[in-house]
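Please look over the protein chain shown below before reading the notes that follow. They begin with a single residue and then widen to the whole chain.

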Amino acid sequence: MKRLWIILLFGTLAAFGFTSCENYPEGVPSIYSSEYRIVGSWQVSHTYLNGVEIDSTDYAAFAPTTYYYIYADHVMSLLGILNGEIRQSSFATYILDPKSKTIQFNFTFFGKRYIFTADIKRLSRKEFFIEFDDEDGDHWRLELFSRSDY
């Protein structure tokens, strides 16, 4: 009888744990909400333009080595290098939509205004992958990795 109660207890805990989790990517449960997982410092490590990996671009916000510092309450900051010059964004916000698995960015960086909505392909405490199309119809994929200590 005691063994049956233990099995029921673990079964109930497992059912509760997996039904209350969000999935990024599909089928991978997490105990942390997407709002919690996205907060931290992220570095763009791989940039793909139309399916081809690139190591430099005129769009400083998408260049490898650019840092995204994402804070709670829709505030963020970017730090990057372009032509040997280090700069920080002057204005930056984001809106995360966990239901549709998208994130909307609105920021100014190196004198250029960026406003776009990206599909979240992966979001964990260590990885943040997004894809989006720019105003010229080019398809971008950014793979950001966490630089935060947890």
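In which strand does Phe116 lie? Phe116 lies in strand β10, which covers residues 112–123; helices (H or I, at least four residues) and strands (E, at least two) are DSSP runs, numbered from the N terminus. This is a predicted model, in which local features need pLDDT of at least 70 and side-chain atom pairs count only at pLDDT 80 or more, while totals for chains, interfaces and linings use all residues. Residues are numbered from 1 along each chain as its sequence is written, and side-chain values use heavy atoms, with hydrogens and water left out.

**The chain as a whole**

- The secondary structure of the protein chain comes to 2 helices and 12 strands, and along the sequence these elements follow the pattern α-β-β-α-β-β-β-β-β-β-β-β-β-β.
- Of the 150 residues in the protein chain, 37% are buried, where buried means under 20% relative accessible area, exposed means over 50%, and partly exposed lies in between (1.4 Å probe, protein chains only).
- The protein chain exposes about 9000 Å², and carbon and sulfur atoms supply 57% of this area; accessible areas come from the Shrake-Rupley method with a 1.4 Å probe, and for residues only the protein chains shown count as cover.
- Among contacts in the protein chain with a separation of 6 or more, 42% are between residues 24 or more positions apart, a contact being heavy atoms within 4.5 Å.

- Phe116 counts as buried because its relative accessibility is 10%, and, not counting residues up to four places away in sequence, Phe116 touches Phe62, Ile103, Gln104, Phe105, Phe107 and Phe132.
- Phe116 and Phe105 are 11 residues apart along the chain, and their C-alpha atoms are separated by 5.5 Å.
- The largest nonpolar core has 30 residues, and those with the most contacts inside it are Phe62, Tyr68, Ile103, Phe105, Phe107, Phe128 and Ile130; a nonpolar core is a set of buried Ala, Val, Leu, Ile, Met, Phe, Trp, Tyr and Cys residues joined through side-chain atoms within 4.5 Å.
- The elements that give two or more residues to this core include β3 (40–49), β5 (67–70), β8 (91–97) and β9 (102–109), while the largest share, 5 residues, comes from β10.
- In soluble globular proteins, nonpolar side chains tend to be buried together.
- Leaving aside neighbours within four places in sequence, Phe128 is in contact with residues including Ile38, Trp42, Ile70, Leu142 and Leu144.

**Salt bridges**

- A search of the whole structure finds 4 salt bridges, each defined as a side-chain nitrogen of Lys or Arg within 4 Å of a carboxyl oxygen of Asp or Glu.
- Arg141 forms a salt bridge with Glu131, with the closest N and O atoms 2.5 Å apart, and this pair links distant parts of the chain, since Arg141 is in strand β12 (residues 139–146) and Glu131 is in strand β11 (residues 127–133), 10 residues apart.
- Arg141 also forms a salt bridge with Glu143, where the closest N and O atoms are 3.1 Å apart, and salt bridges that share partners join Glu131, Arg141 and Glu143 into one network.
- Glu131 is buried because its relative accessible area is 17%, and Glu143 is buried because its relative accessible area is 11%.

**The β6–β7 hairpin**

- Strand β6 (residues 76–82) and strand β7 (residues 85–88) pair in the antiparallel sense over 4 bridges; two strands pair if DSSP finds at least two bridges between them.
- β6 and β7 form a hairpin with 2 residues between them, and Asn83 in the turn has a positive phi of about 55°.
- The bridge partner of Gly80 in β7 is Arg87, and the side chain of Arg87 meets that of Glu85 in a salt bridge (2.5 Å, N to O).
- Arg87 counts as partly exposed because its relative accessibility is 37%, and Glu85 is partly exposed with a relative accessible area of 35%.

**Positive phi in two loops**

- Most residues other than glycine have a negative phi.
- Asp73, found in the loop between β5 and β6, has a positive phi of about 65° although it is not a glycine, and Asp73 is exposed because its relative accessible area is 68%.
- Lys101, found in the loop between β8 and β9, has a positive phi near 55°, and Lys101 counts as partly exposed because its relative accessibility is 22%.
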